[in-house]
Amino acid sequence: MTEGSITVDSGIEPVVQQKSPNNFLKLLRYTVIKLFTLFIAVAIGMYLTILIAQMGGYVDEIIKGQIRESISISVSQNPELKFLTAQERAELINERVRVEEERLGLDRPFIGRSFSFLGNALTLNLGRAQWLTSDSGSKLVRNIILERLPPTLLLMTTSNMLLFFISLFFALYLSRNYGNLIDKIVIGLSPTSSAPAWFYGIFLLLLFAAVLGVLPFGGMVMAPPPDDTWQYALSVLRHMILPVSAWMISGFFASVYGWRTFFLIFSMEDYVELARAKGLSSREVERRYVLRPTLPNIITTFALMLISLWQGAIILETVFNWPGLGRLLYRAVGLYDSPVIIGSTVIYAYLLGITVFLLDFIYALVDPRVRVGSGGPKA
Amino acid sequence: MKALTRSFRQLLHYPSAIAGILLILLLVGVSIYTLIAIPYNEAIRLWRGGEDVWGESPRTARPLWLDWITADKKSQTIVINSASEEDGIDKDVTEVAEDMWDIGMVFEFDYPYDGFPQEMIVYFTATFDEKNPFVSMTWETPDGRQFRMSDTDLAPAGSYRFDQDNRLARRLPEGLLPQVALFAMPEVDPPTTVKGTYRLYVDGIVFEEGSDFDAKLVIFGEVHGLAGTDHRRRDITLPLLWGTPIALTFGLVASLGTTIITMLIAAMGVWYGGIVDDLIQRITEINMLLPLLPILIMVGTFYNRSIWTMLGLIIVLSIFGAAIKNYRAIFMQIKESPYIEAARSYGAGNFRIIVKYLIPRIIPILIPGLVSGIPAFVFLEASLAVLGLGDPVLPTWGKLINDANSQGALNNGYYYWVLQPAVLLMITGLGFAMVGFALDRIFNPRLREV
């Protein structure tokens, strides 16, 4: 490690300077391990989901539906069979369906087949929907869901980024001058975060859409959508105001209170006193000695909040008629469209996994223990 | 134990906690009152019942208290029943011809309201052998105008709806519903009510001796009850009242169950260490990847929506959550304490150590989490109900919001339908959260400095 140094024969080991490539390798190794373990966890989670769904035979319904659909199509398109009456055609279809089901072993116990379905779920081969169709006309569950993903991501990312940064700056401000009136107000209002975002959404809708009529009742863009891209973007922004505000109101006060308390606790540490005594500016002290050590904790709490908020988004989208994944799930529930319901749950498991992974990755970037090689954060 | 009571007394130093406790006591009081005043079976009957429950109740009527704060007087429901003694309707029986008797009744009432009724129905019941009675009615306004309704044959039980009488509609001023036209001043726009005494003359011809009929005039008002009514004419005070014990019980049981079981599992993991600990860690990681709400939705759609199923499932899925890591960290600390070592040296069994030493130390940490967790579960149950997956039988707050949403309450201006359960949810959430926050500051001394 040490290049060309004189080997001093003492019991003291020379301090090893970590070179950047080693840093990167360690990070990479951590990432890959994390990715792998997460993948296994996601797979197990999905398997449990499939088991739960299968207990009522719903997973088989998906497969059977697929079989029947493809056979019906092939029979109706076969010119040699055109002369059959409706009854004969139905009988033929049933017979072929039965043969196919036997071939696929659908009459055998599920445990054996569950793994192939798990494989399907992991590769997002989620079958065909019973009632719903995607906007582009596809009945593939994968397409239906993936089409709905961008609006959800748009809403979620915007809301969470705004919440994160605004809370962070506000918390920093409060930690600097705590005890004043604003501080007391924030502390007093922190219990309001016990209510989920959709709850505030209803109130906001009531006030701004129903009573005042200044903001739209729901949806992502006005109908009919404007042709001009700029107008379209503006319309989307206008429709985002209420849902994002609901999200912010719900998460704001508790976040600010929690982080401000964290900052205060950390800023009372001795090394912060030392830094101040050294003569560093307030800003500098804050950034290096308070923000840096608390960042892993902040990210952990933010991660947990994010995970729980994913589910809240389902109802938020329903309340605001936002054309995303959550509202799709709601409609599928109303229609009893089991392939879509199961597919959505699978996708949510994936999304959670990706979220956890991203946050662990950021955590790794921020937590120096990872780089030093002590294995990263112990659970 | 004494330390705990001392800590709880510290709660009283925090004004927010006192407010929270008051709110909680209010809710508990309402729950107890509700459980005594409206027993469970009665509540279910009222919530699902038939015409005897709803027959005299208007559809989507506003609460009475809304009337008190607005200037004009909205109409209230008026019921006059010839069959009931206290309404004092006399039947005037005269023999008109051979085998024909005329039974005459006069329904008289005062109408002091500015608003018009929503609906008007006359319910008839008749007793006869073969020939059904024949009824004609005349409406008289305070200023002496008269309107003749279409004549009706009577069945053993039936009703006459004023707004379905086409011939009457033709006789009334153009463009006005009967319930408006019969009460409005002539030629006045916008329609204004004529206040005073109205009369409905009901004359029935019966063709058999001993035949009789009764009529119940129901004029449905615009306001009804302390909380209004919903689209199925049910009084909203019922789900508002009954939702309270349901929400409180659900939140408490879920939070308590989750906290206790989590704590037990964390304790066992730390104490037995090794494989057990690792296993619990892995299970926690996997469980945190399971999306709670979608799974609840899946189970609710496919299997069973009963509140007990949901409660059990929620507890099972919440046990292996983030809290386990916190408890584990604390247990690790405690495990190294000298008195634990002392206990092992005198030969205490594992179980005894866990129960007598580890657990009591962690109870102070549990309590804030327990209390703060209750609102989360209450809102989770409400969320399920809003999505349409609530318990199909029970009247809950979430069900009210769900009904309101599906009936377009916000679009149609029935704000009370949404606001009342929302306010109650908010009170519940705030009450427990405020107490939870204060408890957090008491039991986590580090937070007290700030």
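In which loop of chain B is Thr60(B) found? Thr60(B) sits in the loop between helix H4 (51-54) and helix H5 (64-69) of chain B. The tour of this predicted model begins at that residue.

**Stop 1: two residues with positive phi in chain B**

Select Thr60(B) and inspect the backbone. Its phi is near 35°, a positive value in a residue other than glycine. Most residues other than glycine have a negative phi. Thr60(B) counts as buried because its relative accessibility is 10%, and the cut-off for buried is under 20% relative accessible area.

Next, select Arg233(B). Arg233(B) belongs to the loop between strand S10 (212-220) and helix H8 (237-272) of chain B. Its phi is near 65°, again a positive value in a residue other than glycine. With a relative accessible area of 12%, Arg233(B) is therefore buried.

**Stop 2: helices H8 and H11 of chain B**

Continue into H8(B) and display it together with helix H11 (residues 307-319) of chain B. The two axes come within 9 Å and cross at roughly 30°. H8(B) and H11(B) are therefore roughly parallel to each other, since angles under 35 degrees count as roughly parallel. Their crossing is right-handed.

To display the contact, select the following residues:

- from H8(B): Ile246(B), Phe250(B), Val253(B), Ala254(B), Gly257(B), Thr258(B), Ile261(B), Thr262(B) and Ile265(B);
- from H11(B): Ile307(B), Leu311(B), Ile314(B), Ile315(B), Ser318(B) and Ile319(B).

Sorted by class, the contact of H8(B) with H11(B) has eleven nonpolar, four polar and no charged residues.

**Stop 3: Ile324 of chain B**

Which helix of chain B holds Ile324(B)? Ile324(B) lies in helix H12 (residues 323-335) of chain B. Its relative accessibility is 1%, so Ile324(B) counts as buried. Show the residues around Ile324(B), leaving aside its neighbours within four places in sequence: Thr262(B), Ile265(B), Ala266(B), Ile280(B), Thr284(B) and Ile319(B) are in contact with it. Among these, Thr262(B), Ile265(B) and Ile319(B) also take part in the contact of H8(B) with H11(B).

For a sense of scale, draw a C-alpha to C-alpha distance from Ile324(B) to Gly243(B). The two residues are 31 Å apart in space and 81 residues apart in sequence.

**Stop 4: chain A as a whole**

Turn now to chain A and colour it by secondary structure. Chain A has 13 helices and zero strands. Of its 379 residues, 47% count as buried. The accessible surface of chain A comes to about 19800 Å², and 64% of that surface belongs to carbon and sulfur atoms. Among contacts in chain A between residues at least 6 apart in sequence, 69% join residues at least 24 apart.

**Stop 5: helix H8 of chain A**

Select helix H6 (residues 181-189) and helix H8 (residues 229-267) of chain A, whose axes come within 8 Å and cross at roughly 120°. H6(A) and H8(A) are therefore oblique to each other, and H6(A) passes H8(A) in a left-handed crossing. On the H6(A) side, Asp183(A), Val186(A), Ile187(A) and Leu189(A) meet Phe253(A), Val256(A), Tyr257(A) and Arg260(A) of H8(A). The residues of this contact divide into six nonpolar, no polar and two charged.

Stay with helix H8 of chain A and select His239(A), which lies in that helix. At 7% relative accessibility, His239(A) counts as buried. Not counting residues up to four places away in sequence, His239(A) touches Pro216(A), Gly218(A), Gly219(A), Met220(A), Val221(A), Met222(A) and Trp322(A).

**Stop 6: helices H5 and H11 of chain A**

Finish with helix H11 (residues 325-335) of chain A, where Leu325(A), Gly326(A), Arg327(A), Leu328(A), Leu329(A), Ala332(A) and Val333(A) are buried. Ile144(A), Ile145(A), Arg148(A), Leu149(A) and Thr152(A) in H5(A) meet Leu325(A), Gly326(A) and Leu328(A) in H11(A). By class, the residues of this contact divide into five nonpolar, two polar and one charged.

Definitions and conventions:
Residues numbered from 1 in each chain as written. Chains lettered and ligands numbered in written order. Predicted model: local features only at pLDDT ≥ 70, side-chain atom pairs only at ≥ 80, totals over all residues. Heavy atoms only, no water. Axes fitted to C-alpha atoms, helices over the stretch in contact; angles between N-to-C directions. Helix = DSSP H or I, 4+ residues; strand = E, 2+ residues; numbered from the N terminus. Parallel < 35°, antiparallel > 145°, perpendicular 65-115°, else oblique. Left-handed = near helix turned anticlockwise from the far one by under 90°. Contact = heavy atoms within 4.5 Å. Nonpolar A, V, L, I, M, F, W, Y, C, P; charged D, E, K, R; others polar. Buried < 20%, exposed > 50% of the residue type's maximum accessible area, 1.4 Å probe, protein only. Areas by Shrake-Rupley, 256 points an atom, 1.4 Å probe, with all protein chains shown as cover.
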